Structure formats: C-alpha cells, structure tokens
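Hi there,

Here is the structure I promised to pass on. My notes on what turned up follow below it.

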Amino acid sequence: ASAERTIPEIREKLSAMADAMRHRGPDDLGFYLSPDCRVGLTTRRLSIRDLSPAGHMPMGTGTGDVWITYNGEIYNADELRADLERQGHRFRSHSDTEVILQGYCTWGNTVVERLRGMFAFGIHDRRPQAGAGRLLLARDCLGIKPLYYAKTSDGVVFGSELKAIRASGLVSGVLSPAALGGDRFRAR
C-alpha cells in the first residue's frame, strides 16, 4: 500500500482482494493496516487447527510490531511450539500461525528452514532492529501453497491466487512475454 493513498482506498483494495478469495476461507476475514499506512494485509481463513477467535488473522504479536498472514499447515507445529515454550514464549492460540509468528520473532528468516508442511505467508516486521518496515514472503520448498507477487509503482502486492492480486487494481491482466522467457519460448 502507498502512503499517498487514503485509508478508505487501501481498505477498499484489501476488501477486493479478500472478496476474490472468499471461496478459500469462509470461516474468518481479517485486515491489518500498519500505522503509517504503508502495509496492508488481509486474510480469508479456513479454520482448521484453532477454531477460536484466538486464531484470527492477520495475527500480530502482543506488541503489534510483527504481523503475519498465512495459508497452509505446519506439520511439526507442536514440536516447534514446545521448543519455543522452553525458550519462554507464551501462546495465546493453538494455531500453527502463531507458531510461525513466534518462531520468526526468535529465529528470524531461518524459521522457514524449520517448518515442515505446506505454506505460504507474508510477515510484516516493524521492529527497529528489522529495519522498521520489512516484509518477508515465503512458501514451502515444493510450492504446494502458491505465492504470487508483483512489484508495482505502489510497492509489492501478493496473494495465494492471481485473481486476488488482480482484484487489487494494482496489476493489469496483461501477460508479459519477457517475464515468461521472451525469445526462448517464441516459435522458430
């Protein structure tokens, strides 16, 4: 999201993206907008691991400095949770989302290497030690859960389906031959 855009404009784009994904998550809908209005996250959630409101996404840390939007399932979430609890972390939910979030706060980017499962997520980190505006996008190494993104004049837009990105109005539907490999795929 761009700082020049108004909060209603950003919210409208996020709502359009969420509406495009309605079929993926009928159980919950959530929005996060950073205080400087530079980052907006939305999630459509299919509740599987934690059916309570504590599993609501986007999910933030208790301080509100780190936020996650996530799609997938982490098979070793219980083991990672136990490891994090031994290190002093306290959990508010039973969701694997919070395991990724707390794991990121502890292990940084290397949390991705510890995750076993199928996943795609975006983490917005506003902590000063992280550069106060960092966005980490990650997906499982096999790409089971897709993660699409585009760099636009307004920044970066991402989603688990292309139609969500297109619904933002920030990306056209025109394919770029150069992005697809240009001359390598041209008939000879």
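Let me start with Trp107, which is found in helix α3 (residues 96-107); helices are DSSP runs of H or I with at least four residues, strands are runs of E with at least two, and both are numbered from the N terminus. This is a predicted model, so local features need pLDDT of at least 70 and side-chain atom pairs count only at pLDDT 80 or more, while totals for chains, interfaces and linings use all residues. Residues are numbered from 1 along each chain as its sequence is written, and side-chain values use heavy atoms, with hydrogens and water left out.

Trp107 counts as buried because its relative accessibility is 13% (buried is under 20% relative accessible area, exposed over 50%, partly exposed in between, with a 1.4 Å probe and protein chains only). Leaving aside residues up to four places away in sequence, Trp107 touches Leu80, Asp83, Leu84, Gln87 and Arg114 (contact means heavy atoms within 4.5 Å).

One of those partners, Asp83, also meets Arg86 in a salt bridge, at 4.0 Å from N to O (a side-chain nitrogen of Lys or Arg within 4 Å of a carboxyl oxygen of Asp or Glu). The two are three residues apart in helix α2 (residues 77-86), so about one helical turn separates them. Asp83 is partly exposed at 21%, whereas Arg86 is exposed at 64%.

The whole structure holds five salt bridges. Among them, Glu98 pairs with Arg92, with the closest N and O atoms 3.8 Å apart; Glu98 is buried at 1% relative accessible area, and Arg92 is exposed at 52%. Another joins Arg127 and Asp125 at 2.8 Å, N to O, and both of these residues are buried.

Now for the strands. β7 (residues 148-152) and β8 (residues 155-159) pair in the antiparallel sense over five bridges (pairing takes at least two DSSP bridges between two strands). They form a hairpin with two residues between them, and Lys151 stands opposite Val156 in β8. Tyr149, in strand β7, is exposed at 61%.

Happy browsing!
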